[in-house]
Amino acid sequence: MYNKENFKIKETPIILGIESSCDETAAAVIFGRKLLSSEIISSATEQAKYGGVVPEIASRAHTDAVDEVVRRALKSADITANQLDGVAVTYGAGLLGALLVGLSFAKGLAYSLNIPLIAVNHIRGHLAAAYLVDEDLKPPFITLLASGGHTAILHTKSYTQFEVLGGTCDDAAGEAFDKVARVLGLPYPGGVNVERLARSGQNTVKLPPSLVRNSTRMQFSYSGLKTAVINAVHNAEQRGEAVSREDIACSFQHAAVDSLVKKTVECALARGINTVTAGGGVIANGYLRDTLTKACQKARLKCILPEKKFCTDNAAMIAAEGLTQYLAGNFAQMSLNATAQIPLG
Ligand code: KG4
Ligand code: ZN
């Protein structure tokens with residue numbers, strides 16, 4: 001009989017991570033904090049035909065890919081399933097049908113091997129990606145989180161506790177990148193294409209910053225910035241003026257990123273914390289990475305950025321957060337269900 005109370009905690013476990021919350025089916029293996037393998041099968045090219053993620057297509061793609069991606073992860077890690085000490089899986093937030101594919105697979109595996117099933121919150125996974133960069137990284141630290149669904153600055157106080165210092169009052173930064181990509185006629189996935197276009201542009205278009213002024217809380221806003229980009233494009237078209245899409249992309253990138261970086265560094269200094277980490281798809285942005293790295297250097301803060309491929313959705317980060325939960329003895333029941341939304345904090 002599967003009973004989560006019976007499992008003993010090993011100091012350095014081998015954990016399989018499984019991720020299927022959106023359009024990437026991913027599996028990864030870690031041994032302690034050492035990453036042994038990370039595999040992804042993506043349906044992004046298929047989704048691009050529709051200009052975004054179609055949930056039904058995502059669920060079907062996960063069903064086709066999950067067995068294969070797990071096999072690949074075990075093979076590249078050079079281990080067999082019997083050597084696993086736990087299976088960590090994203091149970092939310094995300095597309096319900098998509099989540100259920102990874103979750104059902106993880107349950108079956110954990111049950112048949114009689115090892116702990118570990119429920120991972122996708123966003124905590126993004127935050128945990130930093131642990132794979134530096135094996136000695138320990139809280140406290142300040143984290144800049146910027147993904148398709150979230151934008152926040154967090155104070156990570158312990159492995160399992162964090163305080164939200166500020167966030168967005170409307171769209172997330174990644175969402176804004178995706179919407180601006182559409183306005184500029186760029187294909188899905190938007191963020192990386194805005195970044196490419198911005199490389200040959202100049203920061204010459206006047207746009208509002210993403211920081212809300214006169215707010216008692218630290219708040220970001222992306223919907224006003226997005227509207228300003230739409231207006232800049234339309235006004236130029238109406239006046240029959242040539243509009244440089246490159247300059248708009250570059251100016252948007254500055255407006256979207258600069259306040260986030262500035263505030264992250266300010267939070268670290270104000271709280272006397274000397275380490276800054278970051279996570280989420282937008283952290284794959286080269287301009288953000290350079291700006292944050294330089295700002296941290298200037299403020300004499302240690303800056304820990306996951307590799308780009310571990311900023312966007314992957315299973316290594318799920319395994320990393322799985323390790324934290326495993327060591328805390330937080331094991332899930334077989335009745336664990338998928339959840340479309342989980343509040344931050
Ligand atoms: O973390 P993620 O892969 O999925 C979520 O959990 O949301 O983040 C996806 C978001 C998308 O909005 C995408 O446009 C953005 O991250 N993104 C980028 C870049 N790569 C991905 N935004 C800006 N520059 C990039 N290079
Ligand atoms: Zn994500």
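Q: A residue is near a molecule or strand if one of its heavy atoms lies within 4 Å of it; how many residues surround ligand 1, and which are the closest?
A: Ligand 1 has 20 residues around it, and the closest are His 126, Gly 148, Asp 178, Glu 195 and Gly 281. Please keep in mind that this is a predicted model, where local features need pLDDT of at least 70, side-chain atom pairs count only at pLDDT 80 or more, and totals for chains, interfaces and linings use all residues. Residues are numbered from 1 along each chain as its sequence is written, chains are lettered from A and ligands numbered from 1 in the order in which they are written, and side-chain values use heavy atoms, with hydrogens and water left out.

Q: What makes His 126 a polar contact of ligand 1?
A: An N or O atom in the His 126 side chain is 2.9 Å from a ligand oxygen, and a polar contact is a pair of N or O atoms within 3.5 Å (within protein, one must be able to donate a hydrogen and the other to accept it, and residues adjacent in sequence count only if both atoms are side-chain atoms). The side chain of His 122 qualifies too, at 3.1 Å from a ligand oxygen, as does a backbone N or O atom of Asp 313, at 3.2 Å. Of the 550 Å² of accessible area that ligand 1 has on its own, the protein covers 85% (Shrake-Rupley method, 1.4 Å probe; for residues, only the protein chains shown count as cover).

Q: Why is helix H4 called mostly covered?
A: Ten of the twelve residues in H4 (122-133) are buried, among them His 122, His 126 and Tyr 131. Buried means under 20% relative accessible area, exposed over 50%, partly exposed in between (1.4 Å probe, protein chains only). Helices (H or I, at least four residues) and strands (E, at least two) are DSSP runs, numbered from the N terminus.

Q: How do you know that Leu 211 is buried?
A: Leu 211 has a relative accessible area of 18%, so it falls under the 20% limit. Leu 211 sits in the loop between helix H6 (190-198) and strand E9 (218-220). Its contacts (heavy atoms within 4.5 Å) include Met 218, Phe 220 and Lys 263.

Note on methods. Near = heavy atom within 4 Å. Lists of a residue's contacts leave out its neighbours within four places in sequence.
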